[in-house]
Amino acid sequence: MNHEFSTVGQRVRDDDRRHVFHSWSAQGHIDPIPVAGASGSWFWDYDDNQYLDFSSQLVNQNLGHSHPRLVRALQEQAEQLAYIAPSFAAEPRSTAARMIAERAPTGLDQVFFTNGGADANEHAVRMARLYTGRHKVLSTYRSYHGATTGAVTLTGDPRRWSNEPGMPGVVHFFGPYLYRSAFGADNETDECRLALQHLEQVITLEGSDTVAAVLLESVVGTNGVLVPPEGYLAGVRELCDRYGIALICDEVMVGFGRLGHWFACDAWSVTPDLITFAKGVNSGYVPLGGVVIARDIADHFAARPFPGGLTYSGHPLACAVAVEHIKVIEDEQLLPRVRSLGTRLHAELTALAERHPSVGEIRGMGLMWALELVRDRESREPMVPFNATGEANQPMATITASCRDRGVWPFQHFNRLHICPPLNISDEELSHGLAAYDEALKVADEYV
Ligand code: PLP
């Protein structure tokens with residue numbers, strides 16, 4: 001170990017603990033690892049520990065760390081035009097908007113840029129409210145839509161609670177989740193039918209004329225990798241059409257190739273009115289998010305101003321990386337590659353689950369999978385009992401540490417280990433990470 005290097009690491013850690021106020025944490029209970037560098041699917045600390053990034057950080061580094069083409073695009077743009085206000089037309093911004101619109105479902109051809117996912121959802125809701133002249137927004141339990149006041153109100157997990165009452169007019173409903181069905185269903189067809197019936201009931205009971213939008217994650221990410229059953233998204237689209245409601249698909253986590261499609265809703269040929277994106281649009285080298293807007297909603301604002309905007313909307317550096325990001329995904333043919341890795345993961349995780357009694361269910365598609373860990377397969381008691389305070393729970397902390405000890409950085413949420421590496425991960429790296437999970441699950445099995 002390089003002693004000087006390690007001393008830098010210590011200083012980084014000390015400054016961090018004294019001066020950095022971290023998100024979602026009790027400040028006295030955390031000890032973040034100082035990261036010295038990163039490349040591709042790996043990052044490392046100052047003490048020679050390397051980690052295979054099975055989380056793509058916050059499921060945003062779709063092309064991994066320090067991709068040379070993205071770094072070059074960023075450098076070149078910085079030399080040309082590092083910043084210009086959103087009111088100007090700028091090449092990286094207009095090119096990124098055109099390339100995103102060209103890859104979005106037909107009919108969505110305008111892009112409003114934001115700094116990230118939360119503000120994308122906030123602006124999409126504002127557009128839907130102004131367009132429909134209604135105020136309520138229905139969003140699902142077991143969802144995450146961001147941390148700003150409106151977005152966290154839309155969120156359907158415990159992170160919402162301490163921020164309540166939040167934004168008025170938000171009502172939550174249940175989406176499909178067969179493993180823990182809110183409707184008592186025992187097969188996908190019934191789960192889909194009952195979930196749609198439930199949504200229609202909520203729309204009716206809330207007063208359909210008051211509902212501006214239904215907002216959902218096309219595939220729920222952090223809250224469990226919940227892939228909707230066949231027909232569900234089409235059914236929601238149909239309900240929205242019937243009641244004049246805008247459909248907003250939050251694709252902040254699942255857009256831009258994560259599931260092997262430019263947008264997740266493509267997998268079911270469903271066209272929302274608004275799609276929100278961020279994260280994988282440019283791997284977060286510079287923050288970027290946005291809303292892809294259907295033509296009729298965009299036209300609504302042709303003669304009346306849209307009341308919203310951000311100083312860094314469509315930041316040239318962020319957009320230059322987004323343009324190159326799309327080109328790399330195409331040049332490296334990553335969409336078909338992700339779909340085929342999804343098939344491989346399905347097979348290998350099924351085999352893994354057979355070996356480990358702690359695995360209750362595996363779910364996923366493309367390069368976004370979850371292993372739901374249970375103490376008892378029969379009762380499906382979660383490895384983490386539902387805990388209102390969100391405190392770290394010993395079994396999951398131990399299992400996660402066991403992955404890290406084996407050089408793999410997992411994405412863990414409640415009782416689940418997720419697998420969401422960069423889309424350009426190699427076959428060997430994926431095998432390495434799966435082998436580490438296989439070992440770590442032996443630790444999980446001890447809690448069964
Ligand atoms: N929507 C979804 C589905 C997300 O997963 C996230 C972040 O994890 C967000 C919105 C919020 O994005 P941001 O953190 O960029 O505001």
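1. Neighbours within four places in sequence aside, Leu 274 is in contact with Ala 124, Met 127, Ala 128, Ala 246, Ile 248, Val 291, Ile 293, Ala 294 and Ile 297. Two residues are in contact if their C-beta atoms, placed from the backbone, lie within 7 Å.

2. A note on the model and its numbering. The model is predicted: local features need pLDDT of at least 70 and side-chain atom pairs count only at pLDDT 80 or more, while totals for chains, interfaces and linings use all residues. Numbering starts from 1 along each chain as its sequence is written.

3. Leu 274 also belongs to the largest nonpolar core, which has 119 residues; Leu 274, Ala 128, Ala 213 and Ala 246 have the most contacts inside this core. Helix H10 (residues 316–331) gives the most to the core, with 10 residues. At least three residues of the core come from each of domain 1 (33–66 + 333–446) and domain 2 (69–332). A nonpolar core is a set of buried Ala, Val, Leu, Ile, Met, Phe, Trp, Tyr and Cys residues joined through C-beta atoms within 7 Å. A residue is buried if 20 or more other C-beta atoms, placed from the backbone, lie within 10 Å of its own, exposed if 12 or fewer, and partly exposed in between. Helices (H or I, at least four residues) and strands (E, at least two) are DSSP runs, numbered from the N terminus.

4. The two domains, whose bounds come from an automatic or database domain assignment, have C-alpha centres 25 Å apart. Contacts between them involve 30 residues of domain 1 and 28 residues of domain 2. On the side of domain 1 that touches domain 2, helix H11 (334–355), strand S11 (359–365), strand S12 (368–376) and strand S16 (416–419) each supply at least two residues. H11 gives the most to this side, with 5 residues. By class, this side has 12 nonpolar, 12 polar and 6 charged residues. Ala, Val, Leu, Ile, Met, Phe, Trp, Tyr, Cys and Pro count as nonpolar, Asp, Glu, Lys and Arg as charged, and the others, Gly among them, as polar.

5. Strand S12 is largely enclosed by the rest of the structure, because 7 of its 9 residues are buried. S12 pairs with S11 in the antiparallel sense over 6 bridges; two strands pair if DSSP finds at least two bridges between them. Gly 364 has Trp 369 in S12 as its bridge partner. S11 and S12 form a hairpin with 2 residues between them, and Gly 366 in the turn has a positive phi of about 55 degrees.

6. S12 and S16 pair in the antiparallel sense over 4 bridges, with Glu 372 opposite Arg 416 in S16. Strand S13 (residues 381–382) runs antiparallel to S12 and is joined to S12 by 2 bridges; here Asp 376 stands opposite Glu 381. The hairpin of S12 and S13 has 4 residues between the strands, and Arg 380 takes a positive phi near 65 degrees.

7. The shell around the ligand has 16 residues, of which Gly 116, Gly 117, Ala 118, Gly 146 and Val 252 come nearest. A residue is near a molecule if its C-beta atom, placed from the backbone, lies within 6 Å of it. Helix H5 (residues 117–132) gives the most to this shell, with 3 residues. The shell divides into 6 nonpolar, 8 polar and 2 charged residues.
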